[in-house]
Amino acid sequence: MVVKVYGPHSVSAKRVLVCLLEKEVEFEVVPVDLIKGEHKGPEFLKLQPFGAVPVIQDGDYTLYESRAIMRYYADKYRSQGVELLGRTAEERGVVEQWLEVEAHNFNPPANDLAVHLLFAPLFGITPDPKLIEESEAKLLKVLDVYEERLSKSKYLGGDFFSLADISHLPLTYFIVNKMNKGYLIKERKHVSDWWDDISSRPSWKKVNELYHPPI
């Protein structure tokens, strides 16, 4: 059964797509036009009652929330593709720790920057200069912690590429390539080296090439 992924052009969906490629899981995409509000329509809300993407359908199994989806497939297909969770309980604990760091410390300010610097015109939002300044300041502090971590470890989760790294790909791409804020990454040697490494993976290159955001 081919996995269906709804909303492939969204930031969060790209995490899922990279994970599926790394795990060698066959999938097909179902476009969801966020600009037209298709994610708030009655049919979509039957799949995702909060009206957000991505959603996956795997046979009669439906799941939403991108990090939950990644964890599900990384665990379900442990025996194929790249090991993305760690091979021991201790390794998985560290991967889970940095997934939580990404969700609660990196993602909020990075997403606010993306919304106000890139997507505001599409969604009728007036950019807030104060929020942009505050978000960058918060992100700077997060990236300083990352610099310390990555001075001792090749990847966030350890010496292996993991879900923790995948989860950073979409928004870090925007920071480096779309927001004119690449200095946030490039001024930190170990963060910069890490970014060059993870962004060169064939899975990310394929997803980024096939599913451009509307900006």
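Predicted model: local features only at pLDDT ≥ 70, side-chain atom pairs only at ≥ 80, totals over all residues.

Biologist: What makes S1 and S2 a pair of strands?

Modeller: Pairing requires at least two bridges found by DSSP. Strand S1 (residues 3-6) and strand S2 (residues 27-30) are joined by four bridges, so the two strands pair by that rule. They run parallel.

Biologist: And what kind of unit do S1, helix H1 and S2 make?

Modeller: With H1 covering residues 11-22, they make a β-α-β unit that is right-handed. The label applies because, with the strands pointing away from the viewer, the path from the first strand over the helix to the second runs clockwise.

Biologist: Which strands stand at the edges of the sheet, and why is one side of each left without a neighbour?

Modeller: The sheet is open, has four strands in the order S2-S1-S3-S4, and its pairing is mixed. S2 and strand S4 (61-64) are the edge strands; each has a single partner strand, so one side of each lacks a neighbour in the sheet. From one strand to the next, the twist averages 20°.

Biologist: What does H1 touch when it packs on the sheet?

Modeller: H1 touches S1, S2 and strand S3 (55-58). Touching here stands for heavy atoms within 4.5 Å. The direction of H1 makes about 165° with that of S2. Helix H3 (residues 66-76) lies across S1, S3 and S4, and runs at about 130° to S4.

Biologist: Which record feature covers residues 1-81?

Modeller: UniProt, in an unreviewed entry, places "domain: GST N-terminal" there. Over residues 1-81, the chain is 36% helix and 20% strand, with its end C-alpha atoms 18 Å apart.

Biologist: One last residue, then. Why is Asp165 called buried?

Modeller: Its relative accessible area is 0%, and the cut-off for buried is under 20%, so Asp165 qualifies. Asp165 lies in helix H6 (residues 163-166). Leaving aside residues up to four places away in sequence, Asp165 touches Tyr155, Leu156, Phe160, Trp194 and Ile198. As for Ser79, 86 residues from Asp165 along the chain, the C-alpha atoms of the two are separated by 20 Å.

Conventions
Residues numbered from 1 in each chain as written. Heavy atoms only, no water. Axes fitted to C-alpha atoms, helices over the stretch in contact; angles between N-to-C directions. UniProt positions renumbered as here; feature names shortened; annotations may be inferred. Buried < 20%, exposed > 50% of the residue type's maximum accessible area, 1.4 Å probe, protein only.
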